[in-house]
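Dear colleague,

I am handing over the structure we spoke about, and you will find it just below. My notes on what was found in it follow, and I would be glad if you read them with the structure open.

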Amino acid sequence: MNLRRSYDILRLRWRSLVRRGQVERELDKELAFHLAQQVAENIAQGMPADEARAAAERALGGLAQIQEECRDMRRTNHIETLANDLRYALRSLRRTPAFTVIIVLTLALSIGANSAIFSVIQGVLLRPLPYPHPDRLMRIYFQSDTQPKFPLNPNDFRDFRARNRAFESVAAVTRHDVQLSGSGEPVMLSGFQVSAGYFHMLGISPARGHEFSTDDELDGRGRSVILSDRLWRTRFSADPGILGRTLTLDQQPFIVAGIMPPGAHHPGNNFHAVADGETVDVWCPFDFGADTNDRFSHFLDAFGRLKPGVSREQANADLAAVLAQMKIEQGGNGWRVYTLPLFQETVGRTRNMLLLLLGAVGLLLLIACVNAANLLLARGSSRVREIAVRSALGAARGRIVRQLLTESLVIALAGATLGTLLAVGGVRVLVACLPAGFPRAAEIRLDSGVFAFTLLVALLTGLLFGLVPAITASRTDLQQSLRESGRGATGSGRQSRLRNLLVAGETSLACVLLIAAGLLLHSFVNLLRADPGFRPQQVLTASILLPPEQYRDVARRVQFFERLVATLEALPGVPAAGVGSDLPWTGYDGNADGYRIEGRPADYQTMARYHTASPDYFRALGTPLVHGRFLTVRDTADSPAVIVVNEAMANRYWPGEDAVGKRISFRGKPEEKDWIRIVGVVKDVKDQPDSSWVRPAFWLAYAQEPDRGMSVVVRATSAPSVVASQLRQAVRQLNPDLAVGDLRFMDQIADAAFSGQRFALFLVGLFAALALALATFGMYGVISYSVNRRMGEFGLRMALGARPWDLMRLIVGQGVALAAAGAAAGLLCAVALSRWLASLLYGIRGADPVTFAAVALLALATATLACYLPARRATGADPMRSLRSE
Amino acid sequence: MSKPSDLIHGTLDLLILNTISLEPQHGWAIARRIQQVSNEVLQVSQGALYPALHRLEQQGWIRSDWRVTEGGRDAKCYTLTRAGRTQLLKELEQWERMSNAVGLVIRMAPEASQ
C-alpha cells in the first residue's frame, strides 16, 4: 500500500519546500473561501453585511495563527528555519570580518592539525593490514630469560611447520640482499629469502607466475626469483616476457618465477624497518641446506596464519607442545615459544608516539574551542541589545540559542573546510617528515574516514564552543539591556567570571602541551649530549656483498676486504678504514647467541650482540679503546682466536675483574682450540641512541670468521664526495662486477636514528607554540575587554591620585593571577599525564623540575606580555572625561 | 494554541476521515456536516480544523484538489486515499473498543460504590 502513500507524502514535502509561494497562496485562498462561506451564511440568517463579516472573522479566530499551524503541519518548517538561521548567521558574521577571520583561522589550524594527525593514525593504527583476515596473522618467536624476541632456527621451523595444528600455514623469511648484474652497472637489490607458501600464508599471490614450492627449498635448488612490481617496471620496463627468463643474481643464473602485484606489502620487522612495504625488490626461495642437525643458529623470522577460531593462546600452547616434543628428541635448551599478532609487531612501536600526537592536537583543538567560546562571549555582550530586541519581538529563548548555535556551527564548518585544505598539504609534509622506517607510511592518506572524522570534529567543536556563549547570551535580562544605553550594555559579573575561567582553562591546557614539548626537548637535548661511543662526523659507509660462487673460499673473502682496506688507507686524507658485520644504530636482527664462559658452569646464562670487525673498524668509526688492544692484522685465520668486547659485556660477566685475557666459546663441549680470548674492551654503543640500556656485544676478528656481506667504514679528512668515488673505484679495481650499496655518511645514519624523537619534538613543539599563542591571545582579549569596560574607573583612580604604575600593577596583576591559576592547574594535570609520556623520554623523569619551572615561568611571562598593551591603554585614561561622564 | 477542547482529544481526525469517506468535501462543508449530524453538539473550531486537515494530508491519509462549488467559487476539496480508508477502519475499531470500555466503567461505577 504504502508506496503510494510514501509517494504522496514525498510529493507534498517537496512541493512545500520548492513551490512555497504557491502553497502559501493556496492556504490563503482556502481560508478566504471558508470566511466567505461563513459571511454568506451569516447574511442569510439576516445579519447586515459588515456585521456578518466581523462575526465570521471572530468565529475563524486568529487567522495568522491558523496559517502558522498549518505551516507547521508541513514538517518542512525546520528546514526553512535553518535556511533563515544560516542566512542570518552569514550576514552577522560578515558584519564583523576581523572576528570571523580570526576565529575561523584558529579553528582551521587546529582542525587541520587534527585531520592530518588522524589520517596518520587511521593509516597506521586503525586500518587493518592489507591482507585478507589480517587478524589471524601472527609472528612466531623464541623467547628466553635474556631474549624477549628471538628468531627461529631453520630446522626448528621445519618441525613447527610439520607438527603444529593451530595454523593454517606457517612461513619464514630472512633478509637476503642480492646483486643484480648483466646489463649495465651492477646494483644491490633489497631481497628476502622466503619459505614455500609464504605469500599464500599472507593471502596474496603473484600477479604473474607462481610462488615457490617446497621443492625450491631443497639444498642446491632455489635458483628462482619473484620480482616486485616496482623492480619489474623500473628495471625491466614492465615486460611480461620476463617470466621464465634468466637473471644474473650474485653472479648466478636465477629464473624469474613470478611478479608481485603493485602494493604487495612485505610485513615489516621490528629490527629491520627497511623491510617495510614496497622497499623489497626480490624474493628468492629459502634454501634449508643439507644440515638437518643444526639447532643453534637462529635467523628466521617466522609467520603463521591461524586457523579460523583459534586464539593466540591456543596457538602458543600448540607450538609449546611441539617444542616440548622437540626437546625430548634433540635435547634441551632454554627456549620458549612466543607468538604475537603481526599487526602489533608491525605498528606497535609507533603507538605511543601517535597517541601522544593525537593527545597534543586534541588539546590544541580544545584550546581553540575555549578561545572561540571566549571571543563569542565577548561578541555576545556587544550583541546584547540585538538579542534583547529579538526576544522582545517574540523570539523564544530556544530560537535564540538555536540561532546563535547555527552561527557557531557555520564558523566551525568554515574552519573545518579550510582545515581540510590545510590537512591536504599537512599530510604530505607529515609523511615526508616521518621518522626513518616508519611502518605503513605508504598507507597514510586523506580518505573518507578522515573526512567523516573532520566533519564530526567540526560539529562537536561548533557545539562545544557555541553552547555556553549562546545560553549566556539568551539569558540576558531583557528589561535591563533594553533600558541601558549602549555604553553600559556589557556583560554581567557572572559573565566576566566565566570569561576569566575560560582564560585560566586555556592557560592550563597550553601549559600541559608546553610541558609535553618541554619534556621532549629536554630529552632530545639529553640524547644529543649523550656520548654515542663513536664519532659519526666525516665517516663514509657502504655495503658490499660478495657473490657466493666466486667467494666460496673464505680466504678469498678475507683477501678481498684486506686489499680493499689497504687501498683505501693508502689514499691521502683517509686516516683509517675498516669493515665490520654492521654499523651502529642501523637496527640489529637480535642475533645474539648464548656462549660459554671459561670456568663457569655450562648452563650459565649469557647473551651478547654478535659482530665481526677488521682491525681498523673501530678507529674508522671513532670508537675508543678502553682497555687492552684492538684487533690487528696479526689476528689471522691461523693465529689463536681473539675477540673484542664492549664495556657492558665486560662489566656484566666479569664485574670487578679484568675481562681482558678471559676466554669464551660457542661450542657446547669446547676443546682447547675452541676457546676465544678477549684482547680488548671498547666503549659502549647502544642499539639505538635512545635505548634504555647497552646490550653486551663482542666483535670477532674478521679474518677468523669471514662473511660475504660487510659494511665498509672510511674515516676521511678530504671531501666526502671524493672519497665516495675513490671507494667505488677501489672496488671496481678489485672486482668490476661488484656493486657498492647503501653509500651513506655515518652522520646521516645518526640523523635517521634521531628522527623519531625529532619528529615528535617538532610536532608537539609546534602544537605547543600554537597553543601558547592562542592562550596569550585569549588573555589579551579578556584583559583588553575588561580594561575597556573599566576605563571610567581608571580615570577616577587617576583623578584620586593613582600613578600609571599603580594601574599597570593592578591590570597586569589581574592577568598574572589568572595565568598563575591556569598554570598551577596545568602543572598538576601534567604531573598526572607525564607518567604516560615517560616511555618516550630519555634521561629524564616525567616530573622533570627544570621543565615544569620553565613552563610556569613562560606562562607568567607571556601573560604579562598579553596584559601590557591593555595596561598601557589604561594609563592613558582621561580623569576629566571620567569625571564629566559620571 | 487552540486545541479542540470541545472534542475528545484525538477524535477530530476520526470525524474528518469519516465525514469525507462518503464523498469529497471542502473544509467548510466538513465542519458544517459534523455539526449537523451531531445535532449541533460537536462544534469544530476552524482553528483546529485546518491544521488537522493539513496534517492528515501531509500524512497521506487524505488528498486535496481544487474544485468549483455550486456557488461558482474555487474550493479545496479533500478526498480519502486508500491508505486513509484503512486508517479510518483502524480508528473506528479503536473508537468502538474505547467507548465500549469507557461505557463499561461508567455503568459499573455506581454499583461498585453501593
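Ser237(A) sits in the loop between α9 (229–236) and β8 (246–249) of chain A, where helices (H or I, at least four residues) and strands (E, at least two) are DSSP runs numbered from the N terminus. Please bear in mind that this is a predicted model, in which local features need pLDDT of at least 70 and side-chain atom pairs count only at pLDDT 80 or more, while totals for chains, interfaces and linings use all residues. Residues are numbered from 1 along each chain as its sequence is written, and chains are lettered from A and ligands numbered from 1 in the order in which they are written.

Most residues other than glycine have a negative phi. Ser237(A), although not a glycine, has a positive phi of about 40°, and this residue counts as exposed because it has 8 C-beta neighbours inside 10 Å. (A residue is buried with 20 or more other C-beta atoms within 10 Å of its own, exposed with 12 or fewer, and partly exposed in between, the C-beta atoms being placed from the backbone.) Gln251(A), also not a glycine, has a positive phi of about 60°; it lies in the loop between β8 and β9 (252–259) of chain A and is partly exposed, with 19 other C-beta atoms within 10 Å.

Turning to the two chains, the contact between them takes 25 residues from chain A and 22 residues from chain B, two residues being in contact if their C-beta atoms, placed from the backbone, lie within 7 Å. On the side of chain A that touches chain B, α1 (2–18), α2 (20–44), α3 (49–60) and α4 (63–73) each supply at least two residues, and α2(A) gives the most, with eight.

Within chain A, helix α22 (residues 746–789) and helix α25 (residues 849–875) pack at an angle of about 25°, with their axes 8 Å apart; axes are lines fitted to C-alpha atoms, for helices over the stretch in contact, and angles run from 0 to 180 degrees between N-to-C directions. α22(A) and α25(A) are therefore roughly parallel, a term for angles under 35 degrees. The residues making this contact include Leu772(A) and Tyr780(A) of α22(A) and Leu865(A) and Pro870(A) of α25(A).

Helix α12 (residues 351–382) and helix α15 (residues 448–474) of chain A have axes that come within 9 Å and cross at roughly 25°, which makes α12(A) roughly parallel to α15(A).

With best wishes

Key. Angles under 35 degrees count as roughly parallel, over 145 as roughly antiparallel, 65 to 115 as roughly perpendicular and the rest as oblique.
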